[in-house]
Amino acid sequence: MTSTRDTARPFGRTLCAMITPFTEASALDLDGARSLAVRLVAEGCDGLVLNGTTGESPTTSDAEKAELVAAVRDAVGDRVALVAGVGSADTRHTVELALGAQKAGADGVLVVTPYYSRPPQEAVEAHFRQVADASGLPVMLYDIPGRTGTRIEPDTMIRLAAHPRIVAVKDCSYDFLGTQKVLARTELAYYAGCDEHVLALYAIGAAGCVSTVGNAVPGHIAAILDAFDAGDTARARELQLRATPLIEAMTGAGLPGTVTAKALLSRLGLPAGPVRPPLLPAGRETADGLLARYEELAAA
């Protein structure tokens, strides 16, 4: 592991996009969140992303978001970085969420492109700058056009990289050429936001990953990057490919990763609880398939 790569990891290397556990009555389960966070850290995560897409941020209140960050901070202490999702369709609201995350103990904020209104790139850039200016926390840009309807274009990324608090990107763009362009021209720390791209992006200089599959197998995701850092690229490839059936089941089978992650964690007896509407829980057949893929990976 080189010193250059270490200094390029503002939030750690193996980050988990943590689910938000709920009780059976759909209330926030803070005890479950503490327990799950401790497990994830113990099994290989050196950073946690809370209140993101996998954390069901569209259906949690501002107060719940702050409570979750504070509870997880209390549970894991300063051992790992906590990045809080604060994205919304409203710049003013996003700023308020960023300030709340800072007060609750977050180390950084994850800011998605404003959705629904589909702003042009000039407005996208202004949005991110206003959020970065508003709090003292470093910002991870979240590029996921499949959900927001709007990309953060590579040239916009390059301009935003000049801002002292815009330091990282969660990349769900499915645009390797654009990613390479930004990596070549900036010091932004890129994190693979799609589990099938963990090794591929890391091999061209990414800082690490923000993994949904890591809710279930944090140690396996960390092991992929450990092998690459050790120079054993054949082993890293083997581990990435071995995880493919579970990755496909959790993120490529037509259901949101939140739904599949909670279904699998519930089968494993770990804190999860239901998803909140408009999401619906996974059916029994899907949950059975998820558990089978998990057990195959564990036995390999």
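Modeller: Before we start, a word on terms: axes here are lines fitted to C-alpha atoms, for helices over the stretch in contact, and angles between their N-to-C directions run from 0 to 180 degrees. Also keep in mind that this is a predicted model.

Colleague: Which residues of H13 and H14 make the contact?

Modeller: H13 contributes Thr-260, Ala-263, Leu-264 and Arg-267, while H14 brings Arg-284, Ala-287, Asp-288, Leu-290, Leu-291 and Tyr-294. Sorted by class, six are nonpolar, one is polar and three are charged.

Colleague: And how do H11 and H12 pack?

Modeller: Their axes lie 5 Å apart at an angle of about 40 degrees, which makes H11 oblique to H12. Gln-240, Leu-241 and Arg-242 of H11 meet Thr-244, Pro-245 and Ile-247 of H12. This contact has three nonpolar residues, two polar and one charged.

Colleague: Is Gln-240 buried or exposed?

Modeller: Buried means under 20% relative accessible area. Gln-240, which lies in H11, has 8% relative accessibility and is therefore buried. A polar atom of the Gln-240 side chain lies 3.1 Å from the backbone nitrogen of Leu-199. Beyond its neighbours within four places in sequence, Gln-240 contacts residues including Asp-195, Glu-196, Val-198 and Ile-224.

Definitions and conventions: Residues numbered from 1 in each chain as written. Predicted model: local features only at pLDDT ≥ 70, side-chain atom pairs only at ≥ 80, totals over all residues. Heavy atoms only, no water. Contact = heavy atoms within 4.5 Å. Helix = DSSP H or I, 4+ residues; strand = E, 2+ residues; numbered from the N terminus. Nonpolar A, V, L, I, M, F, W, Y, C, P; charged D, E, K, R; others polar. Buried < 20%, exposed > 50% of the residue type's maximum accessible area, 1.4 Å probe, protein only. Polar contact = N/O pair within 3.5 Å; in protein donor to acceptor, adjacent residues only side chain to side chain. Parallel < 35°, antiparallel > 145°, perpendicular 65-115°, else oblique.
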